[in-house]
Structures are given as C-alpha cells and as structure tokens.
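Reader: I am new to this structure and would like to learn how to read it, one feature at a time.

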Amino acid sequence: QCDVPTGLTDVVGISGGGYHSLALKKDGTVVAWGWNNYQQCDVPTGLTDVVGISGGGSHSLVIKKGQQ
C-alpha cells in the first residue's frame, strides 16, 4: 500500500482505503494502488471527468462531473 506509482504527478486529491490508495489527477483520471485482492484498484478503462474519490475497506468510489 506504500508503493506509490512512479511518475504520479498533477494530483489534486488522495484517499486511503483499507488496503489501497487512490489519487485523483488534475485531468479527472484516477490512479489506484495497493493490495488488490477484491479488485478495488482496477480503475475502469476510459474513466474520466472524476471530481471526487473515496476508498473503503475493499472498494473504491468516484463522483463524476455533473453527478454531485
């Protein structure tokens, strides 16, 4: 959970889950890393326009632009 991905830049938000972490980038994309036993780090391909992130025990959540 502590191995931050190399080259992670332009981060505007961070959230920590039970065994994983999430970063929200300035361009509205999400990077996830950590223990992926329940696929909580598998960011869907094409996920964009994200404005909020949250990590739970074994899951991750996002809020997309226009969905607040």
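**Strands, core and rings**

Author: Strand β4 (residues 50–55) and strand β5 (residues 60–64) run antiparallel and are joined by 5 bridges; strands are DSSP runs of E of at least two residues, numbered from the N terminus, and two of them pair if DSSP finds at least two bridges between them. This is a predicted model, in which local features need pLDDT of at least 70 and side-chain atom pairs count only at pLDDT 80 or more, while totals for chains, interfaces and linings use all residues. Residues are numbered from 1 along each chain as its sequence is written, and side-chain values use heavy atoms, leaving out hydrogens and water.

Reader: Through how many residues does the hairpin join β4 to β5?

Author: The hairpin passes through 4 residues, and I53 has V62 as its bridge partner in β5.

Reader: Which residues make up the largest nonpolar core?

Author: A nonpolar core is a set of buried Ala, Val, Leu, Ile, Met, Phe, Trp, Tyr and Cys residues joined through side-chain atoms within 4.5 Å, where buried means under 20% relative accessible area, exposed over 50% and partly exposed in between (1.4 Å probe, protein chains only). Here the largest consists of 8 residues, L22, L24, V30, A32, C41, L47, V50 and I53, with at least two supplied by each of β2 (20–25), β3 (30–34) and β4.

Reader: How are aromatic pairs described?

Author: The distance of the centres and the angle of the planes describe a pair of aromatic rings. Rings of Phe, Tyr and Trp (its six-membered ring) pair if their centres lie within 6.5 Å, and planes under 30 degrees apart count as stacked, over 60 as edge-to-face and the rest as tilted. The whole structure holds 2 aromatic pairs; Y19 and W35, with centres 5.1 Å apart and planes at 80°, are therefore edge-to-face.
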